[in-house]
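Reader: Hey, can we go through this structure together? I'd like to start with the ligand and then move on to the domains.

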Amino acid sequence: MAEYDIVVVGSGIAGLSSAHQLADQGRVLVVDRGAVGQGTSSRASGVITTPVDYPDLPKWASRAIDSFRELDGRGVFTFDEQPFIRLVHSPAYAAMVRGRDDAVMLGPEESMARFGDVVSSPGAEGVAVYDNVGTCDVSAFLATLKFECERRGVDFRPDTTVTGVRVEDGRVVGVDTEYGPIDADDVVVAAGSATPDVVAEHVELPIRPFTWNAVYLDVDGDVTNWPMGGDTEHQLYWRTMPTGDLLVGRENQTFDADPKIDADFERLVDEDLSTFFAFDDFDVVRWETCPIPDATTPDARAIIDAPAAAPEGLVVAAGFHGAGVMAGLAIGDIVRSYVTGEAVDLEVEAFALDRFSDLGRDFPFCSLWD
Ligand SMILES: Cc1cc2nc3c(=O)[nH]c(=O)nc-3n(C[C@H](O)[C@H](O)[C@H](O)COP(=O)(O)OP(=O)(O)OC[C@H]3O[C@@H](n4cnc5c(N)ncnc54)[C@H](O)[C@@H]3O)c2cc1C
């Protein structure tokens, strides 16, 4: 008998969500090369806007948001429900919002009446307001997920690098680590941007690293009641932090081992932000470059699959671009369905590997805003 029924490689949101949803399936072990939850997930801004970022996947979005409500109040975790506004510049996006039952379009005056002055000029079509969204403290979220996994009997092995997946006769039999093998009947690889390397001997994955830049601003004015928001023209998002600072973030298409703030983002902050937002002035509290890469795919959407070309018993969950933490327990639901064979009422095909014909890692960057 194998030492474990399931080994999960990686303890970011994808690994913790998978372990949480698989905990009743026998002996489950989560292995991470570092400390638990200290990968890219630990750097997330806590913007939980799944319906905004997955507009075409209503079941996934709603399950994800519900999972934050499910965990609210457990341990140190709270889910703070607050609206997100998106400036709308195209009639097509406005029409899409009008067809939804979880968002409304507001004209500039209605927006001003509800939120006051946030931006100096709302989008040409007005703003889309999403209410089924919120924010959270990501450290508290990950710590609570780990605690909930442990409470369900999941084991953790930090500071242990997995070097490959072991396969015999076309079936997974465990993983190799820097300290030797670990036997398992099923293996879930949720190792963020390192996932393609961990499974490279068995299956190709079109996943590559990129990163995000963020800046924390001390604003001349009170932003504590501002809604979260985003703007496609400037390709940025914002949220007010519990400290009262305004966090503004933006994609940076490449990842460098010595990460620097993208010059275009720096210019945007220096030259445009005080004309874009409705405040007179601000001081930069700090810039943040993430030293750990986020992972993306050719369509900026994750791969959650037991690929046909992979050995039996291998599931991968990675490439969540900027929208992994907000996916919550929905990730684990799909992983569970592959491991157990149980059906799940989510848009599983949207995350299947076979949507890509080219599996190379050298693909053009697809923005979350596209
Ligand atoms: C600055 C920033 C802001 C963001 N803001 C948000 C946000 O507001 N909302 C949101 O939803 N998303 C946000 N994201 C995106 C989000 O952080 C990612 O989508 C998510 O963290 C990906 O989770 P993951 O579990 O796939 O990867 P990770 O969190 O990176 O987890 C992978 C784990 O695998 C481990 N690992 C890697 N290789 C090995 C190996 N060989 N052996 C063992 N372990 C290994 C790593 O140590 C790591 O712990 C943001 C990202 C950044 C960088």
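Reader: Okay, which residues come nearest to the ligand?
Author: Keep in mind that this is a predicted model. There are 36 residues around the ligand, and Asp32, Ser41, His321, Gly322 and Met326 come nearest.

Reader: What does serine 41 do there, in terms of atoms and distance?
Author: One of the polar atoms in the side chain of serine 41 sits 2.5 Å from a ligand oxygen.

Reader: And which backbone atoms lie by a ligand oxygen?
Author: Methionine 326 has a backbone N or O atom 2.7 Å from an oxygen atom of the ligand. For valine 47, a polar backbone atom is 2.9 Å from a ligand oxygen.

Reader: How much of the ligand does the protein bury?
Author: On its own, the ligand exposes 1,000 Å², and 96% of that is buried by the protein.

Reader: What kinds of residues make up the shell around the ligand?
Author: The shell has 18 nonpolar residues, 14 polar ones and four charged ones.

Reader: Switching topic: what domains does the chain have?
Author: The domain assignment gives two sets of segments: domain 1 is 4-45 + 139-207 + 297-355, and domain 2 is 84-132 + 209-291.

Reader: Where is the ligand relative to those?
Author: It lies between them, because both domain 1 and domain 2 give residues to the shell around the ligand.

Reader: What separates the domain centres?
Author: Taken over C-alpha atoms, the centres of domain 1 and domain 2 are 32 Å apart. Five residues from domain 1 and eleven residues from domain 2 take part in the contact.

Reader: How much area is buried between domain 1 and domain 2?
Author: About 700 Å², with carbon and sulfur atoms giving 58% of it. On the domain 1 side, Arg43, Ser45 and His321 lose the most area to domain 2, together 76% of what that side buries.

Reader: How many salt bridges and polar contacts are there between domain 1 and domain 2?
Author: The salt bridge count is zero, but three residue pairs are in polar contact. The side of domain 1 that touches domain 2 has no nonpolar residues, four polar and one charged.

Terms used: Residues are numbered from 1 along each chain as its sequence is written. This is a predicted model: local features need pLDDT of at least 70, side-chain atom pairs count only at pLDDT 80 or more; totals for chains, interfaces and linings use all residues. Side-chain values use heavy atoms; hydrogens and water are left out. A residue is near a molecule or strand if one of its heavy atoms lies within 4 Å of it. A polar contact is a pair of N or O atoms within 3.5 Å; within protein, one must be able to donate a hydrogen and the other to accept it, and residues adjacent in sequence count only if both atoms are side-chain atoms. Accessible areas come from the Shrake-Rupley method with a 1.4 Å probe; for residues, only the protein chains shown count as cover. Ala, Val, Leu, Ile, Met, Phe, Trp, Tyr, Cys and Pro count as nonpolar, Asp, Glu, Lys and Arg as charged, and the others, Gly among them, as polar. Domain bounds come from an automatic or database domain assignment. Contact means heavy atoms within 4.5 Å. Buried area is the accessible area (1.4 Å probe) that two parts lose on being put together, summed over both. A salt bridge is a side-chain nitrogen of Lys or Arg within 4 Å of a carboxyl oxygen of Asp or Glu.
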